[in-house]
Amino acid sequence: MMNKEVLQRIQNLELAARNTVEGMMIGSHRSRQHGFAVEFAEHREYVPGDDIRHIDWKVYGRKERFYLKQYELETDLVCWLLVDSSESMKFGSTSLSKYQLASTAAAALGLLTIRQTDAMGLGTFDHQLRSFIKSGSHVPHWKDCLRVLVEHPSEYHSQIGQVLHEFANRLSRRGIVAIFSDFFDEPDDIFLGLKHLQHQRHEVIIFHVLDAAEIEFPYRQTTLFQGMEQAAELLTDPLSIRESYLQEFQRFTRTLQSGCRDLGIDYVLLRTDDDLGKQLSKYLSGRAMR
C-alpha cells in the first residue's frame, strides 16, 4: 500500500504538470496540428467520426472529396521521456531542485502527448537505466509514470553516454526522445549516445536543466561547497574562483550546444528560476513554426 508521503508527492507532481500545461495553453493559441511533433506525413480519406479540424480544404477544392492531414506522431511515432535522476540533480539554490524541474517538465510533456491521443514512454537513469516504462496513450499510463518520477534521486553519478546506448536498445518504436539532464558528463560520450539514437531514426531533443546558481555563481562569502557524484567538499573564497568557474562552465555549455547544433538536435535550456510553462511554450511554438 502506498504511504501518504509518496501519494502526496504524486498529487503535487500531477498538479504541477497540469498547471504547466494549462499555462502553456493560456499563453498561446492551441495548435490545430496533431501532436507536438508537427511534421506533415501524408493524407488519408475522411471517415465519419474523424476530427474535421484536420480536413485539408485545399485538397477538397481540387478533388471535392474530404482528406485529412496526418502528422508523423499520428502515424508511427511515440514521445520517449528520459530523466536524469543522478545525485547532481538534487541540487537547488531555491525551493526547486533540478530533479523537480526535470520531473515536472517531463510530466507536462507526457500529459500534453496523452491529451493529443499520442503515446509516451519513460526512463530514469544515473550511471545506468534505473526504470523503463513502455509506451502508452492513456491517462492511467501517464499516472504510472508519475509514480516513478516522484522517487528521490539516487546517490550515484551519471554515465549519460552509456545510458543512451542502453535506452536506444530498449526502444521498440521510433519516435521523439526528450532527455532532461544537467549533462554533467564527458561530451564525447554523450554525443556518441545521441548518434546511436539518431541512427535508429529517433528525433532527439535536449532539455538542459540547470540551477540559476550554477549559471551565475552568485556566491560572495567564504563557502563550503558540498561535493556531489563522488566529488570532495571544498571550502573556498568564491570571489577568487568565480572568473575561472564561469569560463569553464560557459565552455561546457557551448560544447554541448555546438555539438547538438552539429547533429541537428534541438537544445533547450530550462532554468529553475524561470517559469516552466513559458519556457516550454516558447520552444514548442518555435518548433511548430518550423
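This is a predicted model: local features need pLDDT of at least 70, side-chain atom pairs count only at pLDDT 80 or more; totals for chains, interfaces and linings use all residues.

Biologist: How many bridges join strand β3 to β6, and what makes the two count as paired?

Modeller: Five bridges join strand β3 (residues 79–84) to β6, and the two run parallel. Strands pair if DSSP finds at least two bridges between them, so β3 and β6 qualify. Strands here are DSSP runs of E with at least two residues, helices are runs of H or I with at least four, and both are numbered from the N terminus.

Biologist: Why is strand β6 called largely enclosed?

Modeller: Buried means under 20% relative accessible area, exposed over 50%, and partly exposed in between (1.4 Å probe, protein chains only). Six of the six residues of β6 (residues 176–181) are buried, so the strand is largely enclosed by the rest of the structure. Ile176, Ala178 and Phe180 point one way, Val177, Ile179 and Ser181 the other.

Biologist: What makes the crossover from β6 to β7 right-handed?

Modeller: Six bridges join β6 to strand β7 (residues 203–210), in parallel. The chain crosses from β6 through helix α7 (residues 187–199) to β7 in a right-handed β-α-β crossover. That term applies if, with the strands pointing away from the viewer, the path from the first strand over the helix to the second runs clockwise.

Biologist: Which residues touch the most other members of the largest nonpolar core?

Modeller: Of its 41 residues, these are Leu81, Phe180, Phe207 and Leu270. Helix α4 (residues 98–115) supplies the largest share, 11 residues. A nonpolar core is a set of buried Ala, Val, Leu, Ile, Met, Phe, Trp, Tyr and Cys residues joined through side-chain atoms within 4.5 Å.

Biologist: What makes the pair Arg130 and Asp126 a polar contact?

Modeller: Their side chains make this contact at 2.9 Å. The term requires a pair of N or O atoms within 3.5 Å; within protein, one must be able to donate a hydrogen and the other to accept it, and residues adjacent in sequence count only if both atoms are side-chain atoms.

Definitions and conventions: Residues are numbered from 1 along each chain as its sequence is written. Side-chain values use heavy atoms; hydrogens and water are left out.
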